[in-house]
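Below are some notes on the model, for checking against the coordinates.

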Amino acid sequence: MSNNLPEKICMLPWISIETSPIGTARPCCLAIDEITKPNGEKYSLREHTLDEVYHSEYMQDLRGQFLAGEKPETCKRCWDEEAAGRTSKRMNSRIRLKDYYDDVKWQDTNPDQLWFLDLKLGNICNLKCRICGSWSSSKWAKEEIDYVPELKNRKEHLAYTFLQDGAWPRENADFWLNMNTLLPNIKYLEFTGGEPFLIQQHFDFLKTAVRTGHAEHIEIHYNTNGTQFPEDRELWSHFKHVEIAFSIDNTDKRFEYERYGADWNEVQDNIGKFHNFFGKNMYVVDNSVGANTAGVVNSMYKRMAQFANEDQTNPVAKQWIKKARELY
Ligand code: SF4
């Protein structure tokens, strides 16, 4: 069924939605515009469900644009990448999700195939990372508000709005009831944040997935700051695959400077605990791979190489030392 589709078609509007920490939604994390209602107002997950967003006129129109061979404005980042000769997210998705390509109901602009969810479940977080802000971290939002003197002024501050909106996963019970109905279709869940391990509602949702027998067809990816080793981790053994990425872009005091509020030794301990828990099925992904500060990354490896020794047992230390030795 996928023959004769326009060359620039993208799979994601048919099968995916991304939610933001403050409860807005987009077809994917690179789309420029948030999904809106016919009156131009942004959908808010404080009041709406994912089903409503996925079946919205906006999404139907977007799919229609792709089917008509157009290049939607909201996808400008992909068009710019492709014009520069690089591989866009659209192209990557085509490769990564090739096994699903022929199953997509391409001619249906209002399908029922919400398979991949990229969920930033609010902005609750215990850290104030220097690369972050009030949009994604309740700690940053609280600090910003603390600098505003008057109570009235505080409520007018943008950070106050982020703090309120960032609580949406704890406030909209209908969102989770709707998520339960989506379970038969879901193939992949990505949880980032905020700090996803602080969102109890997501563990409750995973429990429903286990209880209803849907866990076995679902893969999960997490991005965590590494400060938590959650009690509900036993749930993960029921899922098809679970992958954890740790936000680590430096070591020791530099790490604690960049990830304010985190304790380097505690995070290393937690990664060791995760490793023991998962055994060979664990994937440790350090952020240095995608970091845009190559100098910092190289100096980190150089430093690791200096104190590399055979006694290291921590899996992350071993992984980094291996890379360091390859480089230096
Ligand atoms: S074309 Fe690019 S920006 Fe648009 S939905 Fe696909 S991946 Fe996202």
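**Notes on the model**

1. Strand E6 and strand E7 (residues 241-246) run parallel, joined by 6 bridges. Strands pair here if DSSP finds at least two bridges between them. Asparagine 223 stands opposite alanine 245 in E7. Helices (H or I, at least four residues) and strands (E, at least two) are DSSP runs, numbered from the N terminus.

2. The model is predicted: local features need pLDDT of at least 70 and side-chain atom pairs count only at pLDDT 80 or more, while totals for chains, interfaces and linings use all residues. Residues are numbered from 1 along each chain as its sequence is written.

3. E6 also pairs with strand E5 (residues 188-192), in the parallel sense, over 4 bridges. Isoleucine 220 in E6 is the bridge partner of leucine 189. With helix H12 (residues 200-211), E5 and E6 make a right-handed β-α-β unit (with the strands pointing away from the viewer, the path from the first strand over the helix to the second runs clockwise).

4. The ligand is surrounded by 14 residues, the closest being Cys10, Cys28, Cys75, Cys78 and Arg90; a residue counts as near if its C-beta atom, placed from the backbone, lies within 6 Å. Helix H1 (12-15), helix H4 (76-83) and helix H5 (89-96) each supply at least two residues of this shell, and H5 gives the most, with 3 residues.
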